[in-house]
Amino acid sequence: MSTTQSPPIWMPIDVVSDIVCPWCFIGKRRLEKALALRPDISAEVRWRPYFLNDWIPREGIDRKTYLETKFGSVERYAAIAERVAAAARSEGLEYALDKIARQPNTLDCHRLILWARNIADAGRMKQRLMELYFSEGADLTDADVLVGAAVDCGMDGDLVRKLLKSDADVERVEREARAAKEAGVDGVPCFIFGNVLAVAGAQDPAYLADAMGRAAAEQGKRGAQAALQVEAQPGS
């Protein structure tokens, strides 16, 4: 006797995060592992912008100045960051603290991810930018670095360079990032599963996979309720 397998459940997953957030770097990898645990879910991952340091100017600032301003001293941050670096290593990621020389404003990075949605792979672009920053210590305020990342991800370098020189989608990215904060997102990464369940932090893959299951159940419940309401309409 043959059995029929149910098709995967479609689910949008909005990930609110920033390129320079180390826990977002780790959280992306953990989300990928969680998705592998849920073959019953067909996810559409949508990368949403967030500015972890919205006070940094477009040209960026020296990393030492940034650490002293935000954490009090380079040494104080180093003590905090070792735990993060260890978590990154456990996920097969490299967080090379000593390579990072400049703290960027990430507006242009988020614009690149936005543009990659239609002509390349936004997730791949997100990953490449994070690798450049955390693992290679690249300056993400350097247009050549950004154009190189775009080319690595299959985008047209000349077009990207032209767009970066313009104000294209600046307002859109700023509006989306502002909307996330106004909606109550005060820490990243934040995963929003199926528009019904939000999970904050770079949680364990098993936890994220369980959250997906709970969101899928809630999606199904809401869909059934909507169908009942339609059927109850006069003349239906």
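How many positive and how many negative side chains does the protein chain have, and how far apart do the centres of the two sets lie? In this predicted model, the protein chain carries 31 positive and 35 negative side chains, and the centres of the two sets lie 2 Å apart.

**Figure 1. Overview of the protein chain, with its nine helices and six strands.** Taken along the principal axes, the box filled by the C-alpha atoms is roughly 65 × 40 × 40 Å. The chain comprises 236 residues, of which 44% are buried. Among the contacts with a separation of 6 or more, 76% are between residues 24 or more positions apart. The accessible surface amounts to about 12,200 Å², and carbon and sulfur atoms contribute 51% of that surface.

Figure 2. Trp-55 belongs to the loop between β2 (41-49) and β3 (61-62), whereas Tyr-66 belongs to helix α2 (residues 63-71), and the two partners are eleven residues apart. Trp-55 counts as partly exposed because its relative accessibility is 43%, a value that falls between the limits of 20% for buried and 50% for exposed residues. Tyr-66, by contrast, has a relative accessibility of 5% and therefore counts as buried.

**Figure 3. Close-up of the stacked pair Phe-191 and Phe-193.** The ring centres of Phe-191 and Phe-193 are 6.3 Å apart and their planes meet at 10°, so the pair counts as stacked, given that the centres must lie within 6.5 Å and the planes under 30 degrees apart. Both Phe-191 and Phe-193 are buried.

**Figure 4. Close-up of the aromatic cluster that contains Phe-25 and Tyr-95.** Together with Tyr-133 and Phe-134, the residues Phe-25 and Tyr-95 form one aromatic cluster.

Methods
Residues are numbered from 1 along each chain as its sequence is written. This is a predicted model: local features need pLDDT of at least 70, side-chain atom pairs count only at pLDDT 80 or more; totals for chains, interfaces and linings use all residues. Side-chain values use heavy atoms; hydrogens and water are left out. Helices (H or I, at least four residues) and strands (E, at least two) are DSSP runs, numbered from the N terminus. Buried means under 20% relative accessible area, exposed over 50%, partly exposed in between (1.4 Å probe, protein chains only). Contact means heavy atoms within 4.5 Å. Accessible areas come from the Shrake-Rupley method with a 1.4 Å probe; for residues, only the protein chains shown count as cover. Lys and Arg count as positive and Asp and Glu as negative; His and the chain ends are not counted. The place of a charge is taken as NZ of Lys, CZ of Arg, CG of Asp or CD of Glu. Rings of Phe, Tyr and Trp (its six-membered ring) pair if their centres lie within 6.5 Å; planes under 30 degrees apart count as stacked, over 60 as edge-to-face and the rest as tilted.
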